[in-house]
Amino acid sequence: DPDVFDAVVISSRATWFVVFYADWCPHCQHFAPLWERAAAALGGDPRVSFGAVDCAVYLEYCAEVGIGQYPMLRLFNMPGEEKSFTKDGAKLRRGSPPDDDRQEEEALLGLLRARVAELGPAP
């Protein structure tokens, strides 16, 4: 629900990593377990949260925030990243994914860990 998204993510003090996907999308179906493992690996840090929005259900909202392909990773509430404080969020990932699952998972974890490291030391 877009209102819940705005209330929970946009209004949060935590940095959010959000994947926008469509449940019918084969790339999204492939990416889902990688995203779940990444969220589990980094979810213990109280400064960050992970979420997902099914654009097959919330098509209008996804179009409104500029989601044009799936899966699309966006970053919200990241200090120093001005776009991340908007409803659209900041793009987190660009380019083509690596060729195999293991490389893709390592690249995703590396990207997320690097962004978490930008937050400074954990409290």
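The model is predicted, with local features requiring pLDDT of at least 70 and side-chain atom pairs pLDDT 80 or more, while totals for chains, interfaces and linings use all residues. Residues are numbered from 1 along each chain as its sequence is written, and side-chain values use heavy atoms, without hydrogens and water.

β1 and β3 run antiparallel and are joined by five bridges; strands pair if DSSP finds at least two bridges between them. Strands are DSSP runs of E with at least two residues, and helices are runs of H or I with at least four, numbered from the N terminus.

β1 (residues 15-21) has six of its seven residues buried, that is, under 20% relative accessible area with a 1.4 Å probe, protein chains only. Seven bridges pair β1 with strand β2 (residues 48-54) in the parallel sense.

R74 belongs to β3 (residues 72-76). R74 is buried without a salt bridge (a side-chain nitrogen of Lys or Arg within 4 Å of a carboxyl oxygen of Asp or Glu). The nearest side chain of opposite charge is D88, 5.5 Å away. The R74 side chain does reach two backbone oxygens:

| Side chain | Backbone oxygen | Distance |
|---|---|---|
| R74 | V65 | 3.0 Å |
| R74 | D88 | 2.6 Å |

Residues touched by R74 (heavy atoms within 4.5 Å) include W16 and V18.

Conventions: Buried < 20%, exposed > 50% of the residue type's maximum accessible area, 1.4 Å probe, protein only. Lys, Arg positive; Asp, Glu negative; His and termini not counted. Polar contact = N/O pair within 3.5 Å; in protein donor to acceptor, adjacent residues only side chain to side chain. Lists of a residue's contacts leave out its neighbours within four places in sequence.
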